[in-house]
Amino acid sequence: MAKKYVVGVDIGGTNIRTALINLDGDIVSKVKNATGKEPLSVLYKQLDTVYAPHAREVCGIGIAVAGLIDREGGVVMKSPNIPKLNSVNLAAEIKKRYKTCIAVENDANAAACGEKCAGAGKEFKNFVMLTLGTGIGGGVIIDKKLLPVAAEIGHMSINIDGPQCPCGNVGCLELYASATAIIGTAVSELEKGKSSILKNSVYF
Ligand SMILES: [Zn+2]
């Protein structure tokens, strides 16, 4: 059967998303669930739904993970926001269940590749991609190719007297500017009695 899809997976600190994508880069179907305490079980359920029915038409599964990745071995070396995946050979685990080509990449690097292939970076030779979510990631494209390093821009220290980050460093950018940090700062300021229109929001 002709190959006409790829499967893309994003394993983040908050959610896991899996999508079936055609070779033009359009999403055909997608699912999203909370990462929870057992990220691999969530991933397998999603692949059973999205990948399995089309297995013979899928070229491979690309998996983006928030963390430090050994892309050649397909191993998650360290993931500060998903500690359950630390030292897990994700490619080998997934290959036990699904017989297809598996690629594992840092999430920000994968996002940079995605923007280069099918998004805002298509026309550019060189650019930096920043991902703002549970954490902050960064991927660098130079001369149309991914710079094969963990840019980890979110773990750049911007305050040497700042709080300790789960990565071990202090005052990391993502402790201030990630979605998690911004929500945390807003909640803490409101609790201290700061006046804001956010107080009228249903969330507080
Ligand atoms: Zn950090």
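The accessible surface of the protein chain amounts to about 11700 Å², 58% of which belongs to carbon and sulfur atoms (Shrake-Rupley method, 1.4 Å probe). The model is a predicted one, in which local features need pLDDT of at least 70 and side-chain atom pairs count only at pLDDT 80 or more, whereas totals for chains, interfaces and linings use all residues. Residues are numbered from 1 along each chain as its sequence is written, and side-chain values use heavy atoms, with hydrogens and water left out.

Of the 204 residues in the protein chain, 37% are buried, that is, under 20% relative accessible area with a 1.4 Å probe, protein chains only. Along its principal axes, the C-alpha trace spans about 60 × 40 × 35 Å. Among contacts (heavy atoms within 4.5 Å) between residues at least 6 apart in sequence, 44% join residues at least 24 apart.

The zinc ion is coordinated at 2.0 to 2.3 Å by H155 through ND1 and by C165, C167 and C172 through SG, donors being N, O and S atoms within 2.8 Å of the metal (3.2 Å for Na, K and Ca), with water not among the atoms, so sites may look incomplete. The angles among the four donor atoms are 101 to 121°, and the site is tetrahedral, a term that for four donors requires all angles to lie between 85 and 135 degrees. In sequence, the donor residues follow the spacing H-x9-C-x1-C-x4-C. Of these residues, C165 counts as buried because its relative accessibility is 2%, and C172 is likewise buried, with a relative accessible area of 0%.

Definitions and conventions. Tetrahedral: all angles 85-135°; square planar, octahedral: opposite > 155°, others 65-115°. Buried < 20%, exposed > 50% of the residue type's maximum accessible area, 1.4 Å probe, protein only.
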